[in-house]
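Reader: I am new to this structure and would like a close look at one part of it. Please start with one loop and go on from there.

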Amino acid sequence: MKEINIYGRGGQGAVTAAQILATAAFEEGYWPQTFPKFGGERRGAPVVAYVRVDDEPIVIRTKVYAPDVVVVMDFNLFKMLDPLGDIKPDGTAIINYPDHGEGLPSSILEKAGSLFTVDATKIAHQVYGKTTIPITNVIILGAYCAAIKDISIQSIYEALPDFFPVEKIELNWKAAQMGYKNLRGL
Amino acid sequence: MEKRKMLTGNYAAAHGARLARVEVVPVYPITPQTHIMEKMAAFVESGELDAEFVPVESEHSAMAVAIAAQATGARTFTASSSQGLVYMHENLFVASGLRLPVVMAMVNRTIGAPTTICPDLSDSLDQRDTGWIQIYTESAQEAHDMIIQAYRVGEDERVLLPVGICFEGMIISHYMEPVEILDQGKVDRFLPPYRPEHVVLDPDRPMSVHQLVLDDSYYTEYKYQQQVAMEEAKGVIQEVDEAFGETFGRRYGGLISTEMMEDAEVALLTLGSMAPTARAVVSQLREEEDMPIGLVKLRAFRPFPDEELKESLSNLKAVAVLERDVSIGAGGIVYLELAHCLGKKHDSPLLTNYIMGLGGRDVTFEEIKDTALNLFEERDAEVMTNPIRWYQVRGLS
């Protein structure tokens, strides 16, 4: 079983990202489960959504305490909480961070077994235009597919109609592909 | 054909109501139930469901509309949680007293103060004396399937009682997982249209309903008939589960479900979302430690399955009741009922009660395992000391 924690801020679409990822995994024949950490929905507030993916139905109903993968959709979250605090020693982190990951603090670098960055904020501004809170969820899913390789980006595309109106599908597909192409391994 | 899809518990329940071809949906929004309301409104708007959607101004009115609609012979569905369910309270007695088989998704959430949107079972358990059947479920699939079973149970002429299908908010309502959406044709064969004879508000067939029964007239007999109906419901819940299994290939066990109880010396008893995690604990202790432990999942809380529980538990040494609720000043609500049911016979198992997970606090595999290991340590005691235990209250040494 693989466990994935997705951190974001209210409005960025972390819960939707988790649901798209789980739906894509489902399309590939896995038995996923996804759920948010329960809180009042407020714009800008930290949000975490959990995803489990397994080859058979998942019975357990508890939060994820030792994720294999942690996705951080907004770097400012590191000022408020410790998204990598419980990652498995050989776990993988995917972080929204500019400049090809240069200047990422060593305190963050040393926590994950492997670490990737993608400048999802910049891509979000390019694809969706300037929004108060950059919408980085589909972009970071593209990056996830490039980094983890267990879910194909094509399955993300196939999951999009469950979450977006028809006229937004191609825009989000472009965002996912840009996330995929702009992943940087550190 | 059945179709598997990623759904939350809320959406799975809404699909269940759609497949039951409900005709009137009066509902007022409250977290964590609101997605059910939204989905039902969407079904009506898109034409997928031919029903009257009634956006009322409160939960009290939602139940009033449900009662009136059901009394005209319409199949009615509503959903509520927490303060909303409590606000409906007085009308719940009316629905059951008039023998109207309304079905409601009771999406469990704490009752404030303090306020949280997170779950425990106190809101629906608090409705235990209203004459509603209550079934507790552990997954989106079970919620989906049980909404459909609920109509067949409630509308059975031996029963004619309203039914609440309960599932924990957030933990089931907001978990998204693969759910098999049942086939409409099969559901139609399993669940024929509601055609009541006992209460029908129809100008062409005048009938007096909800009369005043003063002095020494028949109030006692009305209540006694409800009690008889609730007793009858025990068999009907079992029958409907069997029929459901024959049609859809999936059974839940009726009033209770038991696992690994053969040769068990001790058992965990729980309900709702803790059941699957408890199942994983019991499996591990059986397989890896060879410990004689079993699991009883309480599905029906009303009617309370006293005979079934006695049969499953009487020969055990000890039972731990794990529950996400409390009656302040007494103990866990399920524990209290179980203690009453098993009585104080010399061969009754030792009972212990863990009040845990209140307000949505996560109940982990390790914590449930801890309660199971305690049970093994205490199973040969003369009496269970301090049986009612608030599990891991912070700030206590």
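Between which strand and which helix of chain B is the loop where B:Ala113 is found?

Author: B:Ala113 is found in the loop between strand E5 (103-108) and helix H6 (122-125) of chain B. Helices (H or I, at least four residues) and strands (E, at least two) are DSSP runs, numbered from the N terminus. This is a predicted model, in which local features need pLDDT of at least 70, side-chain atom pairs count only at pLDDT 80 or more, and totals for chains, interfaces and linings use all residues. Residues are numbered from 1 along each chain as its sequence is written, while chains are lettered from A and ligands numbered from 1 in the order in which they are written.

A cis peptide bond joins B:Gly112 to B:Ala113. Its omega is about 10°. Another cis bond links B:Arg302 and B:Pro303, with omega about -5°. B:Pro303 also sits in a loop, between strand E12 (300-302) and H11 of chain B.

B:Ser82 is not a glycine, yet its phi is positive, about 50°. B:Ser82 belongs to helix H4 (residues 82-87) of chain B. B:Ser82 is buried, with 28 other C-beta atoms within 10 Å. Buried means 20 or more other C-beta atoms within 10 Å of a residue's own, exposed means 12 or fewer, and partly exposed lies in between; C-beta atoms are placed from the backbone. In chain A, A:Lys149 has a positive phi near 70° and is likewise a residue other than glycine. A:Lys149 lies in the loop between helix H5 (137-148) and helix H6 (153-159) of chain A. A:Lys149 is exposed, with 9 other C-beta atoms within 10 Å.

Next, B:Thr78. B:Thr78 is part of strand E4 (residues 77-80) of chain B. B:Thr78 is buried, because 30 other C-beta atoms lie within 10 Å. Beyond the neighbours within four places in sequence, its contacts include B:Val25, B:Pro26, B:Val27, B:Met63 and B:Ala66. Two residues are in contact if their C-beta atoms, placed from the backbone, lie within 7 Å. B:Arg99 is 21 residues from B:Thr78 in sequence, and their C-alpha atoms are 17 Å apart.

Helix H3 (residues 59-71) and helix H5 (residues 89-97) of chain B pack at about 10°, with axes 9 Å apart. Axes are lines fitted to C-alpha atoms, for helices over the stretch in contact, and angles run from 0 to 180 degrees between N-to-C directions. H3(B) and H5(B) are therefore roughly parallel. Angles under 35 degrees count as roughly parallel, over 145 as roughly antiparallel, 65 to 115 as roughly perpendicular and the rest as oblique. From H3(B) come B:His60, B:Met63, B:Ala64, B:Ala66 and B:Ile67; they meet B:Asn91, B:Leu92, B:Val94 and B:Ala95 of H5(B). The residues of this contact are seven nonpolar, two polar and no charged. Here Ala, Val, Leu, Ile, Met, Phe, Trp, Tyr, Cys and Pro count as nonpolar, Asp, Glu, Lys and Arg as charged, and the others, Gly among them, as polar.

Chain B also has an open sheet of six strands. Their order is E9-E11-E10-E13-E14-E15, with mixed pairing. Strands E9 (256-259) and E15 (388-390) are the edges, each pairing on one side only. From one strand to the next the twist averages 20°. Strands E13 (residues 318-323) and E14 (residues 350-355) of chain B pair in the parallel sense over six bridges. Two strands pair if DSSP finds at least two bridges between them. B:Ala320 has B:Thr352 in E14(B) as its bridge partner. Helix H10 (residues 274-289) of chain B lies across E9, E10, E11 and E13, at about 165° to E11(B). Helix H11 (residues 306-313) of chain B lies across E9, E10, E11 and E13 too, at about 10° to E9(B).

Last, where the chains meet. The contact takes 16 residues from chain A and 20 residues from chain B. On chain A's side, helix H1 (14-27) and strand E2 (31-36) are the elements that give two or more residues. E2(A) gives the most, with five residues. Chain A's side divides into eight nonpolar, six polar and two charged residues.
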